Amino acid sequence: MDQETLAAVAEMLQAQNQVIGQMMKDVEMRLNMKLENQIEPQIKLLAEGHQTILEALAPKSRVEDLEDEVKVLKLAIRQITLELQELKKAQ
């Protein structure tokens, strides 16, 4: 290859690199716009929904307290039932 051919090839490669660079900038811009306009709002909505669910849930300590109370009440009902059966037998 002579110098003119090499220079022409180099010029073509440089032009292609510029086109590819511009295409990459365009793709990056479109991705950023999609992130900003579609994905970020959806993530915010999801986070808000998650927060609403967390606020609606009873704290774990409250659930544990209620479980303990249910156990005590079950034991009391069992004891009262036994006493009632004994009273009925005694009559």
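## Basis of the model

This is a predicted model, in which local features need pLDDT of at least 70, side-chain atom pairs count only at pLDDT 80 or more, and totals for chains, interfaces and linings use all residues. Residues are numbered from 1 along each chain as its sequence is written, and side-chain values use heavy atoms, with hydrogens and water left out.

## Overall shape

The protein chain has two helices and zero strands. Its radius of gyration is 37 Å, well over the 12 Å that the globule rule gives for 91 residues, so the chain is more spread out than a compact globule. The radius is taken over C-alpha atoms, and the globule rule is 2.2 Å times the number of residues to the power 0.38. Along the principal axes, the C-alpha atoms fill a box of roughly 125 × 30 × 20 Å.

Helices (H or I, at least four residues) and strands (E, at least two) are DSSP runs, numbered from the N terminus. Helix α1 covers residues 3-56. Helix α2 covers residues 60-90.

## Exposure

Buried residues make up 0% of the 91 residues. Buried means under 20% relative accessible area, exposed over 50%, and partly exposed in between (1.4 Å probe, protein chains only). The accessible surface comes to about 8,900 Å², and 62% of that belongs to carbon and sulfur atoms. Areas come from the Shrake-Rupley method with a 1.4 Å probe; for residues, only the protein chains shown count as cover.

## Surface patches

Patches are made of residues with over 30% relative accessible area and no salt bridge; like charges are joined within 9 Å, nonpolar side chains (Val, Leu, Ile, Met, Phe, Trp, Tyr) within 5 Å. A salt bridge is a side-chain nitrogen of Lys or Arg within 4 Å of a carboxyl oxygen of Asp or Glu.

Met1, Leu6, Val9 and Leu13 make a nonpolar patch of about 410 Å². Leu6 lies in helix α1 and is partly exposed, because its relative accessibility is 42%. Glu64, Asp65, Glu67, Asp68 and Glu69 form a patch of negative charge. Glu67 sits in helix α2 and is partly exposed at 45%.

Ala90 belongs to helix α2. Ala90 is exposed, because its relative accessible area is 66%. Its C-alpha atom is 92 Å from that of Asp26, 64 residues apart along the chain.

Lys88 is also in helix α2, exposed at 58% relative accessibility.

Definitions and conventions
Lys and Arg count as positive and Asp and Glu as negative; His and the chain ends are not counted. The place of a charge is taken as NZ of Lys, CZ of Arg, CG of Asp or CD of Glu.
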